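Thanks for coming. I will show one model today and go through a few local features of the chain. Here it is.

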Amino acid sequence: MKSLKWIGLALGASLALSTTALAEDLTIATAGPMTGGESAFGRQMQNGANQAVADLNAAGGVLGRKLVLDAEDDACDPKQARSVAEKIASAKIPFVAGHYCSSSSIPASEAYADGNVLQITPASTNPLFTERGLWNVARVCGRDDQQGLVAAEFIAKNYKGKNIAILDDKTTYGKGLADETKKALNKAGITEKVHESYNKGDKDFNAIVSRLKLEKIDLVYVGGYHQESGLILRQMRDQGLQTVLMAGDALADKEFASIAGPAAEGTLFTFGPDPRNKPTAKAVVEKFKANNIDPEGYTLYTYAAIQVWSQAVKKAGTIDPKKVMATIKAGTWDTVNGTLQFDAKGDIKQLDYVVYKWDAKGNYTEINPKGS
């Protein structure tokens, strides 16, 4: 009986220690479109977050605590994003790498601010995200007023005297980017011949394409996501229109080439310098490739967001979101995307958008690496 008693005590102690160890795990979150039309980018974000958490845990965790990742789906829906944010805040999760769509990040950020959650988006480019003076927001990507300017400069230089059209999908991201590009084009002395809107989720663009054909448009700039852009491109080719399509960073996923098919060749888009090609990302890229994952698009941006947060936590010696954010804005951070610094709003100080072109093999490459 005595031996059984000691076994029971030992088992109880073991369970208590196990429970304590579990309680010491630190949960962080990523949130984005894990389902829906932009799920390709949700997968990028989750891949980046998973690898970042695995690498941090292999190095001892954060402040001696093992990280656990909570991945939440907002489907790029503003209401769902707000619900996700409230759920993360109520769970007292101190940090989220998210969201993808600006229309999700902006309403979510308000719930995070109220719930004491630090938010770093890898992908939301609408200026409003950091222009409202919220204490808790930052981004490791650029802004539409930077991206639109680079697109306009490229168009002005390479399509001077040509017929230009601008389309947008009425979303926070799409319309915001189209408006910034239009503003920069108009300032450069170029007035578009066509400016129309469509609804995100539309599939029939033949009426718009017919107008592009009537106006003999040489280049159409699309402020919108990759699914609709791919369909617009295919329907242009179906009508015999060889107009060049240019868009923003939402085309940075191979799913675009799958949707557009052979028509994808020659399509242009703006995006930050590809971190896959940076020496700072080489070791991490090899880990992704070993798992048959191409860390394209916003995969490494998500990884970088978690790097910034974890390094700031270590420097601050706390996970307190407000203290960590103050540390982030005051510091310099080494990431897979290179060395990053943030201004008082939470925008990064180092980013030069470049123009990419899709080729016949379904890959994209930089065509003006220095923004020329």
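**Notes on a predicted model**

I start with His99, which sits in the loop between E3 and H4. This is a predicted model, and in it the peptide bond that joins Gly98 and His99 is cis, with omega about 0°.

Before more detail, a word on confidence. The average pLDDT of the chain is 92, and 92% of the residues score at least 70. The exception I want to point out is residues 1-23, where pLDDT stays under 50. For that stretch the model has 1 contact beyond four places in sequence. Where pLDDT is low, the predicted coordinates should not be read in detail.

How many disulfides does the structure hold? The count is 1. The pair is Cys76 and Cys101, with the sulfur atoms 1.8 Å apart. The link is right-handed, with 80° about the S-S bond.

Is Cys76 buried or exposed? Its relative accessible area is 12%, and the cut-off for buried is under 20%, so Cys76 counts as buried. Cys101 is buried too. Another cysteine, Cys141, is in no disulfide, and the nearest cysteine sulfur, that of Cys101, is 12 Å away. Cys141 also counts as buried, at 2% relative accessibility.

Cys76 has one further feature for anyone checking backbone angles: its phi is positive, about 60°, although Cys76 is not a glycine. Leu63 is another non-glycine with a positive phi, of about 55°. Leu63 is in the loop between H2 and E2, and at 42% relative accessibility it counts as partly exposed.

Which residues does Glu38 contact, leaving aside its neighbours within four places in sequence? They are Pro33, Cys76, Tyr100, Cys101, Lys200, Tyr225 and His226. Glu38 has a relative accessible area of 2% and is therefore buried.

His226 from that list brings us to helix H9, residues 226-238. H9 has 13 residues and reaches 18 Å from its first C-alpha to its last, close to the 18 Å expected at 1.5 Å a residue. Its buried residues are His226, Glu228, Ser229, Gly230, Leu231, Ile232, Leu233, Gln235 and Met236. What do these residues pack against? The helices are H2 (39-58), H8 (206-214) and H10 (254-260), and the strands are E6 (164-168), E8 (219-223) and E9 (244-247). After H9 comes Gly240, with a positive phi near 80°.

Now the strands. E3, H4 and E4 make a right-handed β-α-β unit. E3 and E4 pair in the parallel sense over 3 bridges, and the bridge partner of Phe95 in E4 is Leu118. On its pairing with E5, E4 is again parallel, over 3 bridges, with Ile120 opposite Ala138 in E5.

In a regular strand the side chains alternate between the two faces of the sheet. For strand E4, residues 118-121, Leu118 and Ile120 point one way while Gln119 and Thr121 point the other way, and all are buried.

At 1% relative accessibility, Val140 counts as buried. Apart from neighbours within four places in sequence, Val140 contacts Ile120, Thr121, Pro122, Tyr301, Ala305, Leu340, Phe342 and Ile348. Its C-alpha is separated by 8.7 Å from that of Asn337, which is 197 residues away along the chain.

Last, a hairpin joins E11 to E12 through 2 residues. Strand E11 (residues 332-335) and strand E12 (residues 338-341) pair in the antiparallel sense over 4 bridges. The bridge partner of Thr332 in E12 is Gln341.

That is what I have; questions are welcome.

Notes. Residues are numbered from 1 along each chain as its sequence is written. Side-chain values use heavy atoms; hydrogens and water are left out. The expected span of a helix is 1.5 Å times one less than its number of residues. Buried means under 20% relative accessible area, exposed over 50%, partly exposed in between (1.4 Å probe, protein chains only). Contact means heavy atoms within 4.5 Å. pLDDT is the predictor's confidence in each residue, from 0 to 100. A disulfide is a pair of cysteine sulfur atoms within 2.5 Å. Two strands pair if DSSP finds at least two bridges between them. A crossover is right-handed if, with the strands pointing away from the viewer, the path from the first strand over the helix to the second runs clockwise.
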